[in-house]
Amino acid sequence: MITGILNSGFGHSVRFIALIESLKTIKKIPTACLAPECMKKFLGENVSKHGCKIYNLNHMMHLVNDTKKYKNKFLSIKDKNAVQNLQRTSIAINDFITQTDWLTGLFKNKTVFCSLYHGELDINKNDNEKSVLFKRTIIHTVNQYDIFFHINIQKPYKRPDLKCEYIPIPVISRRITKSKKEVKQLLGLSNDEKFILIHAGSAVMENVYKDLYEFYKAVNRLKTDYRIVISSSLENNSFPFSNNIIKAPLFNNGIDLVNASEMVISKPGMGILQDCIATRKPLFFLPGDFAERELKVKLLNEILSGNLPIIHTICPDSLKEAISCCLAMRHIYNEGYSKIPVNGADILAKSLLMLADIKKDKIKDHIHLLREFNPFMQ
């Protein structure tokens, strides 16, 4: 069985959903995931139909701590069944929880532990103190695992200095499932109406954007020839938007909404970046509010060869100027995006299926087999 361990946020969940969808096209294998309560409904509407079981991450972590590696007399029948199912896990893949000590109490010793993460890990002289600390945290975490699947926008020019097995893979994205016309009909727009998508992620308390309401206030006062569509979040979604702004329903496959838009304005995140790369949509990132998001702004700017507009104050005028700039440089987005493969889900699925049949102590001897279908290892 393959089990995902997911942090809160659409980006983590969407990567797991894409993995499940790729797995089902290759081979039938039992799957499960541990996710925060706030993500369970969204995940369930996407993966339950594929037989994937979903468990409450926080409950299972609490269970491990309270029962000291599961003394069965303390467990309810429901929890016993969950434990028994999860202990069938041959491969656990973490996207991306940094608290990993509890994992050994939930899975068996033979389980292969993998981590999945994205972004630059090399510490360089231009990194500020927060970025250095963040990168060190990621490196420390992945070194606790057997294998690190590292999402890259291009084939890495060198292998990071890590203790674990290192497997670079391309960007992970889902496939488009609705036409632009279908999406616009759901939004109440005519087929020829163009819209700009405003995206703030899931906006759950664990990762809500610091300047979310300043962002929404600026959008409310934004004057543009395009219709404005607000993507639905899971929490913090009661902001009183102007009547002329369309609040989208929650799309089970968010890439459909991105694909129908003219461009996206978003808080920095890998989830929305991977969707915009796959659909070739201009993307404008707001200022990062902590190290990981600051690094995502840097990454998008690198993709665009240093042409990404940068703002320091979120206000209607700065957003309007950014919109004009981004739409005028569509060719730069297309040029940057065209170099980035987006078939990471298929490569990850094939890799996990191959590794699932190999004993944990023999993994190192078989990593080379992944080169056959992974261009980032060739």
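**Entry 1: E120 and its partners**

I started with E120 and K135 in this predicted model, whose side chains meet in a salt bridge at 3.7 Å, N to O. I used this cut-off: a side-chain nitrogen of Lys or Arg within 4 Å of a carboxyl oxygen of Asp or Glu. E120 sits in the loop between β5 (112-118) and α6 (129-142), and K135 sits in helix α6. The two residues are 15 apart, and the pair links distant parts of the chain.

I then looked up accessibility. K135 is buried at a relative accessible area of 0%, while E120 is partly exposed at 35%. The classes are buried under 20% relative accessible area, exposed over 50% and partly exposed in between, with a 1.4 Å probe and protein chains only.

E120 also forms a salt bridge with K298, where the closest N and O atoms are 3.5 Å apart. K298 lies in helix α11 (residues 291-303) and E120 in the loop between β5 and α6, so this pair ties together parts 178 residues apart in sequence. I noted K298 as partly exposed, at 29% relative accessibility.

**Entry 2: a link from α11 to α6**

I checked E294 and K130 next. Their side chains meet in a salt bridge at 3.2 Å, N to O. E294 belongs to helix α11 and K130 to helix α6, 164 residues apart. Both ends are partly exposed: E294 at 24% relative accessibility, K130 with a relative accessible area of 45%. For the whole structure I logged 18 salt bridges.

**Entry 3: the sheet**

I traced an open sheet of seven strands with parallel pairing, in the order β3-β2-β1-β4-β5-β6-β7. Strands count as paired if DSSP finds at least two bridges between them. Which strands stand at the edges? They are β3 (53-56) and β7 (165-169); each has a single partner strand, so one side of each is left without a neighbour in the sheet. Neighbouring strands are turned by 20° against each other on average, direction ignored. The axes behind that angle are lines fitted to C-alpha atoms, for helices over the stretch in contact; angles run from 0 to 180 degrees between N-to-C directions.

Strand β6 (residues 147-151) runs parallel to β7, and five bridges join them. H150 has P168 in β7 as its bridge partner.

**Entry 4: aromatic pairs**

I paired rings of Phe, Tyr and Trp (its six-membered ring) with centres within 6.5 Å; planes under 30 degrees apart are stacked, over 60 edge-to-face and the rest tilted. The count came to 12 aromatic pairs. One of them is F148 with Y166, tilted, at 6.0 Å centre to centre and 55° between the planes. F148 is in strand β6 and Y166 in strand β7, 18 residues apart. Both are buried: F148 has a relative accessible area of 0%, and Y166 comes to 8% relative accessibility.

I also found one aromatic cluster, formed by Y213, F215, Y216, F239 and F241.

**Entry 5: conventions**

Residues are numbered from 1 along each chain as its sequence is written, and side-chain values use heavy atoms, with hydrogens and water left out. Local features need pLDDT of at least 70 and side-chain atom pairs count only at pLDDT 80 or more, while totals for chains, interfaces and linings use all residues.

How values were computed
Helix = DSSP H or I, 4+ residues; strand = E, 2+ residues; numbered from the N terminus.
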